Amino acid sequence: MLRIPDVPTQDLLIREKLTSAEWHKHLNHSPSFLVNCATQALALSGRFEQQGLPTVTEWLPIFNNVTIRLGSPLIHAAIKKAMHLLAYRFILAQSMNSALKYCQRHKNYLYSFDRLGEAALTTIDAARYYQDYLDAIEQLSQQSSGAHLMSNPNISIKLSALYPRYEPNHYHRAITSLTQQLLTLANKAQQAQITLTIDAEESERLMMSLAIFSNVFNHPDLKDYEGFGLAVQAYQKRSIAVIHWLSALAQHRHKIIPIRLVKGAYWDYEIKQAQQQGLVDYPVFTEKMMTDCSYLACAQLILSQPKVFYPQFATHNAHTIAAIYSLGKNHTNYEFQRLYGMGEQLYDEIMTVKRWPVPCRIYAPVGSYKDLLPYLVRRLLENGANTSFICLLENPDTPIDDAIADPISKLKSQPSPFKTKLIRPPKLFGKKRQNSHGLNLNDLDVINTIQMQLKAIAKTQLTAAPLINGQYYSGLNKTILNPADSNDTVGLVTYSNSLSITAALNHASEACFQWQKVPIKEKVKHLLKAAKLFEKYRIELVSICIREGGRTLVDAINEVREAVDFCHYYAQIATEKLSHPIILPGPTGERNSLAQTGRGIFICISPWNFPIAIFIGQITAALIAGNTVIAKPTQLTSLTAMKCINILHEAGIPVSVLHFLPGPGRSIGEQLLTDQRIAGVAFTGSSETAQKINQQLAKHHQKIIPLIAETGGQNVMIVDSSALPEQVTRDVITSAFNSAGQRCSALRVLFLQENIADTLIALLIGAMKTLTLGNPLAFQTDIGPVITSQAYLQLSDHIKSIQTQATLLYQVPVSDQLTKGHFFGPCLVEITSLKQLEKEVFGPVLHLIRYHPKQLNQVIADINATGYGLTLGIHSRIESFIDQIKQQTHIGNIYINRNMIGAVVGVQPFGGMGLSGTGPKAGGPHYLDRFAIEKTLSVNTSAIGGNIDLFIQK
């Protein structure tokens, strides 16, 4: 609410949150009088708001209704004031001057100041955060006492705030820039006689942070400075190893390292990332007791090396504090730390009542509440979790012994082997199918190994040719060049001619009956073996996909994973739905069943933008359903398709069942689609081509030939003023420009509520300026080439023509070094109406439209009027806003508060409606049904003289 600029949206959010919560359940559950009063007020406010809703006004007396309306503005004003107070409950001050005045009045604590710099999206953000840190150090220099360094203030630094692409794929640039900035800040801190700590962030950034820390720590300018430290997260499984590494570093330089030991604040993010990336295991502990034990083990290790570390233990857990106090009896030089706004009673007891001779430092955020939200959410999640000490302590139903239980004793009491509640990422989908194996692209060793492997095969010359019944056919040859580098000849493709097409039809027709008789169990084995082979040949597939299709390294790796997922998923669905007939109910003396079998010959026509995933998805679905397949890939990525066909044959798919016809779509399609023996077509591509295929099938066949079509879309995202600008920016950049915008699901049109349009435009342009265009083989490349020179010219013509009625807000410049490829800089174009776009613009062009909240109905009408219905994004915190768009738009795939691309097989089945496809959705539970026909069998079991079932019943 604090970030929403317009009052109507603020009020709508307040109403929804007040009326959706059951505040009465929280009454009198806190020892705090103020908390209970606030809860009572929220409960009463919720009743006011709920009674004001249209659904219940019919039974309210008119007088009460008037009273409610008069009271609503007061309630909303009070809520807004309360939110400001809540924000500043966890923030020390808005400015460093105010913060320092507070510290002067509360000298019983030490302080570590956090300027609330979150991850920078733009270089402007990063420069602002950097200046904030410099200013803070300058102001703190006036507060240092000149006594022991550790008694002076501390400044906490988030590296992600200083560089907008603090990511493993921008490793070298990030390391160089951050090392220089951090060295300057550390020098300033040294001169100011204060300490400086690098805050811990996501585990994917750990190795980068250690490299930067080492660079700065070892710099000769800081050879006598012992105030340069960092935070270590105990919930990371690498925490002990990190402490050992830091110990060796400190001993090498004969310096002490201040080390802040925390438990960690990104747990849910780490879990989700590991699952999505298909990692072998989680980088963090999955149970809180494990983290608690790890914290104690780390603490013991740190305390055992007093000549190496100055320990700083950040915790609100009474047992942890007591354990450290016991462990540190022989260690006189350490401190505790707590978050501002939390743990006051616990530490007041320690410092004031018990008078422990251990200082405590408050981690104190300083800045505007607008910068507070990510920090505040992490704090509330971390300390408000059901298993946290604070939550247990505040719950009157929790016995004190449970709240202060020893985690080590608790762990020892668990059965062996210990089972966590969270299953490992490979088993994400349970026993029915395995998650595809991912590569840990946060690991620099993995990245370097991949780059060396790709370099070793970068100049390999490949070939593709018609492959019919295991035999290659000759024909016209076409040289394939790398769309990123015209000097790189990828290989040679032999085009299919009438002879090879006829042979494919003949052999596919002859094999139909025998393939249908093969048990599902055997077909499943072939698909599961294919999945293993795709992972075995991953690097070869990635290399071809990049060089021929212009896919980036990350995209190509994800392509292989998706192909593996298709194999696993369709094997699972076939086992469940196709392996046995369904027994149907009926009268006694009769047996009725329903079975599914293949239709016959299926033509699978796939696009160039997903040359592995979609190609394999179509083929495996058709094969497992019992069809023979003639695979016709786009001519632009035939080399990639050839490798996939070879893998499927190696997996056991009979050569008589799967045939391959590379070449121009028009000439091959005319012969294939008119042949009377074909039984179905699976197509992914443009709407225009799908219409032509549909017309040809209707014209040349008396029987109705099923067409499974997945086509493009005028994909839209609608953003209101309640959305989080940083999240919107990240999701828009990913949705619009990943794969150079060459995805059928890519974002084409962004609707921004006018109240936030200028702010978001500035963020989007700033984020676009950080994008890297280049050779897709390089790991740091964000955007590769468009597929052909023709595609480049079409995009250029569109930008030129639309500028007569639109405004080009920004286009990413293309380096002169990229002239040998088809590189088109991503564009942000502001238009006034969706009607200005006559068709889908297939590339990295994002069109932006401002709208007023009262125009939402018209926005929805305009979206529906395009006739497309593939993907739609919604960014909002208002449920009624989301519900209205969901219910009134005709879209196949809707994504809320996330990006719009990268649908996962079996998790987000993909396919559109209207001009965007026929359904059923690929990677969904109904997809195989369309590849099969149904047969019912009805047997009169009593025909031989009687109904034996009736006679033997008891």
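A residue is called buried at under 20% relative accessible area, exposed at over 50% and partly exposed in between (1.4 Å probe, protein chains only). By this definition Phe931 is buried, with a relative accessible area of 0%. The model is predicted: local features need pLDDT of at least 70, side-chain atom pairs count only at pLDDT 80 or more, and totals for chains, interfaces and linings use all residues. Residues are numbered from 1 along each chain as its sequence is written, and side-chain values use heavy atoms, with hydrogens and water left out.

**Aromatic pairs**

Rings of Phe, Tyr and Trp (its six-membered ring) pair if their centres lie within 6.5 Å; planes under 30 degrees apart count as stacked, over 60 as edge-to-face and the rest as tilted. The whole structure contains 17 aromatic pairs, two of which are set out below.

| Pair | Centre to centre | Angle between planes | Type |
|---|---|---|---|
| Tyr102 and Tyr111 | 6.3 Å | 85° | edge-to-face |
| Phe602 and Phe931 | 4.7 Å | 40° | tilted |

Phe602 belongs to strand β16 (residues 601-606) and Phe931 to the loop between α31 (927-930) and β28 (932-940), so their pair ties together parts that are 329 residues apart in sequence. Helices (H or I, at least four residues) and strands (E, at least two) are DSSP runs, numbered from the N terminus. Phe602 is buried, with a relative accessible area of 0%. Tyr102 and Tyr111 are both buried as well. One aromatic cluster is formed by Phe313, Tyr325, Tyr334, Phe336, Tyr347 and Trp356.

**Charges over rings**

A charge sits over a ring if NZ of Lys or CZ of Arg is within 6 Å of the ring centre and within 35 degrees of the ring normal. The charged end of Arg433 is placed in this way over Phe429, 3.8 Å from the ring centre. Lys643 lies over the face of Tyr537, at 4.2 Å from the centre of that ring.

Strand β6 (residues 309-314) has six of its six residues buried, so it is largely enclosed by the rest of the structure. Phe309, Pro311 and Phe313 are buried on one side, and Tyr310, Gln312 and Ala314 are buried on the other. Two strands pair if DSSP finds at least two bridges between them. β6 runs parallel to strand β5 (residues 257-262), to which five bridges join it, and Arg260 stands opposite Gln312 in β6. Three bridges join β6 to strand β7 (residues 335-339), again in parallel, with Ala314 opposite Gln337 in β7. From β6 the chain passes through helix α11 (residues 318-327) to β7 in a right-handed β-α-β crossover; right-handed means that, with the strands pointing away from the viewer, the path from the first strand over the helix to the second runs clockwise.

**Nonpolar cores**

A nonpolar core is a set of buried Ala, Val, Leu, Ile, Met, Phe, Trp, Tyr and Cys residues joined through side-chain atoms within 4.5 Å. The largest has 84 residues, and those with the most contacts inside it are Phe113, Ile155, Leu196 and Phe228. Helix α6 (residues 171-192) supplies the largest share of this core, ten residues. Apart from it lies another core, of 75 residues, among them Phe602, Ile619, Ala651 and Leu658.

**Ser203**

Ser203 is in the loop between β3 (195-198) and α7 (206-217) and is buried, with a relative accessible area of 9%. Contact means heavy atoms within 4.5 Å. Leaving aside neighbours within four places in sequence, Ser203 is in contact with Gln236, Arg238, Glu270 and Pro283.
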